[in-house]
Amino acid sequence: MAFDRSEVEKVAQLARLHISEAEADEVTSRITDILNLIDQMQAVDTENVEPLAHPLDMTQPMRADEVTEENRRDELQALAPQSENGLYLVPKVIE
Amino acid sequence: MIEKTAVELSQLLTSGACSSVELTREYLNRIKQLNDSLNSFITVCEETALLQAEAADERRVAGDTSPLLGIPIAHKDIFCSNGVTTSCGSRMLENFVAPYDSTVVANFNAAGAVMLGKTNMDEFAMGSSNETSYFGPVRNPWDTERVPGGSSGGSAAAVAADLCAIATGTDTGGSIRQPAAFCGVTGFKPSYGRVSRWGMIAFASSLDQAGPICKSAEDAALMMNVMAGHDPKDSTSANEPADDYTRELNQSLDGLKIGIPKQHFAEGLTEEVERGIRDALTEFEKLGATIKEIDLPNNHLSVSAYYVVAPAEASANLSRYDGVRYGYRCADPVDLEDMYKRTRSEGFGDEVKRRIMVGTYALSAGFYDAYYRKAQKIRRLIKNDFDNAFKEVDVVIGPTSPHTAFKLGSKSDPVAMYLEDIYTIAVNLAGLPGISVPAGMANGLPIGMHIVGDVFAESRVLNVAHQYQLQTDWHKQKPALEL
């Protein structure tokens, strides 16, 4: 699978990253090297192998649907770059 | 006094030969003398450490005999610690003051350990040399022109240079064991799920695991007694009772079956590291162990599979850094998209961005089966190899790293850096416990031996490491540091 500069732009957009013109060639070549390393696994036949999602094959436990967290909104919101009246502020989305 | 193990320090504290306040002052002085040159700590908590030490001394007077009471510890800056900056080695979290303690930090606080500060690390634990840290590289105490390994390089260097008695680390592909090997200390990654990940900043959630970095396997056992156990706040934490990890330390190794993977003694391994490990194996034979060559036929695929699974999970985990709720936000965003993109591009370093992009690509429409699902299938094959091995042997032993610590700046190619973890990564993919212990020196640099056990066989791994350390003094070697 060829990974070129147009792929870099597409992936950067999906990941919400900005890759400058100056960086694009280097980023493309580094990621191509990494994908070549990854592609070594394509040579192995895994037709009848069950994928391993959890190293110990455990499943997620269930718990009662009860509120266990205390309300710490003010403390947690104090960490935000910008907030007001209990709301997180971001640049205007709707005109 | 600062060179002693936690077990030895605990005896001094119990006998009244010194107080925790005195001990803590000694470490704080040592940090002042050496941190400028080693860059091991990102944050030093002088005031709160002394308060914690006073409280520990009071608890002792009141009859508390907890083994780690009053012992100074350093936490990797990936563990949230209430009221203290938790940067994860990133500009993104440079000013993030955690509003709560991670379970690991809370457990050590409850045990009476004294938090000296937070240690340097590769950014978001992505790296094998500590050079990706936003706060600059850590230097190896054995040779300050060399890397300490990574990503828990700050913790490993701090233990090696006696800037703390014990430290915590995290290991996703080798990030406790490889720096422990490079710095000549003991580093233990428990089974996946054995230690709670709650409040530990996520990198790759199906691989991340916290563990001790310290001066002996015996100290690692004491730390595991504090760290291990089920935590309802981490839904992947193992719901299995934790052992008393000190109980089996003194068990004899007579009859122990050791497997040595032929793939770990093949091309790429340097002669001096091989010599160190072979010498260690003869020590085990003297103790009555038998050695058998084993086959891990899919080991060569572990790095490939890992560089799908880990970046894929990282790309999802790191999507939370968007400049809205906490962390870095770019200046003067023109619109929402500009804010997301510039915040993330300015807040993350190159290696983190690379891994986010690789992971995003692997998970993008049309590629899931070829990458993530394929890697999960390889992961099964790798786990099967270990399952087969443990039908015949009790532990698997080999080198932790193919070579000793390398020079700062000598590995600029990411793929060359990824191959650093060639012997450790498979253990994370399979979820097994593994320890690195010092096993010889080559040209003035420590060699690390890797001991791997079956799942939840932490006590066995620690027992094997401890018995080796009773026969050898490699773990007591100290770097000559100029003050």
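## A strand pair in chain B

B:Gly259 stands opposite B:Lys292 in β8(B). This is a predicted model, in which local features need pLDDT of at least 70 and side-chain atom pairs count only at pLDDT 80 or more, while totals for chains, interfaces and linings use all residues. Residues are numbered from 1 along each chain as its sequence is written, and chains are lettered from A and ligands numbered from 1 in the order in which they are written.

Strands β7 (residues 257–261) and β8 (residues 290–294) of chain B pair in the parallel sense over 5 bridges; pairing takes at least two DSSP bridges. Helices (H or I, at least four residues) and strands (E, at least two) are DSSP runs, numbered from the N terminus.

## The nonpolar core

The largest nonpolar core has 163 residues, and B:Ile73, B:Leu116 and B:Cys164 touch the most other members. Helix α9 (residues 302–317) of chain B gives this core its largest share, 9 residues. Such a core is a set of buried Ala, Val, Leu, Ile, Met, Phe, Trp, Tyr and Cys residues joined through C-beta atoms within 7 Å, where buried means that 20 or more other C-beta atoms lie within 10 Å of a residue's own, with C-beta atoms placed from the backbone.

## Where the chains meet

Chain A puts 37 residues into the contact and chain B 53 residues, contact meaning C-beta atoms, placed from the backbone, within 7 Å. On the side of chain A that touches chain B, α2(A) gives the most, with 6 residues.

Notes. Buried ≥ 20, exposed ≤ 12 C-beta atoms within 10 Å, placed from the backbone. Contact = placed C-beta atoms within 7 Å.
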